[in-house]
Amino acid sequence: MMINFNRKMIILGTLVLLSIVFIFSNSLKNSQESHKDSDVIVEVVEDVANKVVPNNQLDWNYIVRKSAHLIEFFV
């Protein structure tokens, strides 16, 4: 029973540490790098959105970037 608890704590600690490293590494990027990274995600989201709702006029760049910030702060 104790071994299972320790394994869970190691997994949880590892996930927390990886999340911290991910968020910190993103905060070190300049605006050009950050936009380049988000542009990749925006293209994918726009492709999917256009298949679901053709000719949508939403600003996906804004939505993706704000959602990323929200998710990072949530984590």
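Helices here are DSSP runs of H or I with at least four residues, numbered from the N terminus.

**Setting up.** I am working with a predicted model, where local features need pLDDT of at least 70, side-chain atom pairs count only at pLDDT 80 or more, and totals for chains, interfaces and linings use all residues. Residues are numbered from 1 along each chain as its sequence is written, and side-chain values use heavy atoms, with hydrogens and water left out.

**Entry 1, Asn 56.** I looked up Asn 56 and found it in the loop between helix 2 and helix 3 (60–74). Asn 56 counts as buried because its relative accessible area is 17% (buried is under 20%, exposed over 50%, partly exposed in between, with a 1.4 Å probe and protein chains only). Its side chain reaches the backbone oxygen of Val 53 at 3.2 Å.

How many salt bridges does a search of the whole structure find? My search came back with 1, taking a salt bridge as a side-chain nitrogen of Lys or Arg within 4 Å of a carboxyl oxygen of Asp or Glu. The partners are the side chains of Lys 29 and Asp 37, at 2.4 Å from N to O. Lys 29 is partly exposed at 32%, and Asp 37 is partly exposed at 34%. A handy reminder: side chains of opposite charge can pair when their charged atoms come close.

Next I noted a negative surface patch made by Asp 39, Glu 43, Glu 46, Asp 47 and Asp 59. For such a patch, residues need over 30% relative accessible area and no salt bridge, and like charges are joined within 9 Å. I placed Glu 46 in helix 2 (residues 31–52). Glu 46 counts as partly exposed, because its relative accessibility is 30%.

Conventions. Patch = residues over 30% accessible without salt bridge, like charges linked within 9 Å, V, L, I, M, F, W, Y side chains within 5 Å. Areas by Shrake-Rupley, 256 points an atom, 1.4 Å probe, with all protein chains shown as cover. Lys, Arg positive; Asp, Glu negative; His and termini not counted. Charge placed at Lys NZ, Arg CZ, Asp CG, Glu CD. Helix = DSSP H or I, 4+ residues; strand = E, 2+ residues; numbered from the N terminus. Polar contact = N/O pair within 3.5 Å; in protein donor to acceptor, adjacent residues only side chain to side chain.
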